Amino acid sequence: MQNNRLNKNNKGVTLIEVIAVVAVLGVVMAAVTGFMITGTKMSAQVSDTATNSMKEQTAVEFINRMILGAKSEVKVVEDGGQVTDGDHTYYLALYCGENVQIANGKDPKTQKPVVVYRYADNSGSNIVREIVICPGEIYFEQVNEKNTVTYYLNDDKHVVHLRVTPESEGT
């Protein structure tokens, strides 16, 4: 009988083996979860960067069309604020005709800087509509005699050459 007890075939796992397997699986799952969280954060950052880049590209196209499509004089808004940087003075807003203004603003929810499109009524004094174009800041240089508008959108320089009809054609 004593021999039977020693020859018994115990088919199963001990408590220590179960604890060891659970510990190893816990370490592996923690590492996998860490990689997944890091990957998700990086994906969100890339997505935000791509979205902001597309918004900025669309804003540049929109601003250029507003400047080129202005039915009257394009001029900086001198009383709308300015920034002096060394020898240059940059303006915070630009009139594209009588009723349209491209300017700096603040997002009402986040209070972060944004570029806005403002449309005024026929008198030009009351803002009827204000639409956020893109996040960031815009600065304009004085419109020069070469009929160019230079602006900096999020520190990227953009130059728009105005279409001017020769004086002989205008009369």
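Colleague: Which residues are in contact with Thr150, leaving aside its neighbours within four places in sequence?

Modeller: Contact means heavy atoms within 4.5 Å. On that basis Thr150 is in contact with Tyr139, Phe140 and Glu141, and also with Lys157, His158 and Val159. Thr150 itself is placed in strand 9, residues 148-153; strands (E, at least two residues) and helices (H or I, at least four) are DSSP runs, numbered from the N terminus. This is a predicted model, in which local features need pLDDT of at least 70 and side-chain atom pairs count only at pLDDT 80 or more, while totals for chains, interfaces and linings use all residues. Residues are numbered from 1 along each chain as its sequence is written, and side-chain values use heavy atoms, with hydrogens and water left out.

Colleague: Is Thr150 buried or exposed?

Modeller: Buried means under 20% relative accessible area, exposed over 50%, and partly exposed in between (1.4 Å probe, protein chains only). Thr150 is buried because its relative accessible area is 8%. Gln101, in strand 5, has 11% relative accessibility and therefore also counts as buried.

Colleague: What does Gln101 touch, not counting residues up to four places away in sequence?

Modeller: Gln101 touches Val77, then Ala93, Leu94 and Tyr95, and finally Val116, Tyr117 and Arg118.

Colleague: How many bridges join strand 5 to strand 6?

Modeller: Two strands pair if DSSP finds at least two bridges between them. Strand 5 (residues 100-106) and strand 6 run antiparallel and are joined by seven bridges. Asn104 stands opposite Val115 in strand 6. The two strands form a hairpin with six residues between them, and Gln111 in its turn has a positive phi of about 65°.

Colleague: Which strand lies on the other pairing list of strand 6?

Modeller: Strand 7 (residues 127-135) pairs with strand 6, in the antiparallel sense over seven bridges. There, Tyr119 has Arg129 in strand 7 as its bridge partner. Strand 6 covers residues 113-120 and is mostly covered, with six of its eight residues buried. In a regular strand the side chains alternate between the two faces of the sheet.

Colleague: How many residues lie between the strands in the hairpin of strand 2 and strand 3?

Modeller: That hairpin has two residues between the strands, and Gly86 takes a positive phi near 70°. Four bridges join strand 2 (residues 82-85) to strand 3 (residues 88-91) in an antiparallel pair, and Val83 is partnered with Tyr90 of strand 3.

Colleague: Where is the largest pocket lined?

Modeller: Rolling a probe the size of a water molecule over the atoms shows where empty space is left. A pocket is an open set of points on a 1 Å grid over the protein atoms alone, where a 1.4 Å probe fits, with protein on both sides within 12 Å along at least five of seven lines; lining residues have an atom within 4 Å of a point. The lining of the largest pocket includes Arg65, Met66, Lys71, Cys96, Glu98, Val100 and Tyr119. The largest pocket holds about 210 Å³, the volume being the space filled by probe spheres set on the points, which are joined across faces, edges and corners.

Colleague: What does the secondary structure of the whole protein come to?

Modeller: The protein has three helices and ten strands, in the order α-α-β-β-β-β-β-β-β-β-β-β-α along the sequence. Of its 171 residues, 25% are buried. Among contacts with a separation of 6 or more, 38% involve residues 24 or more positions apart.
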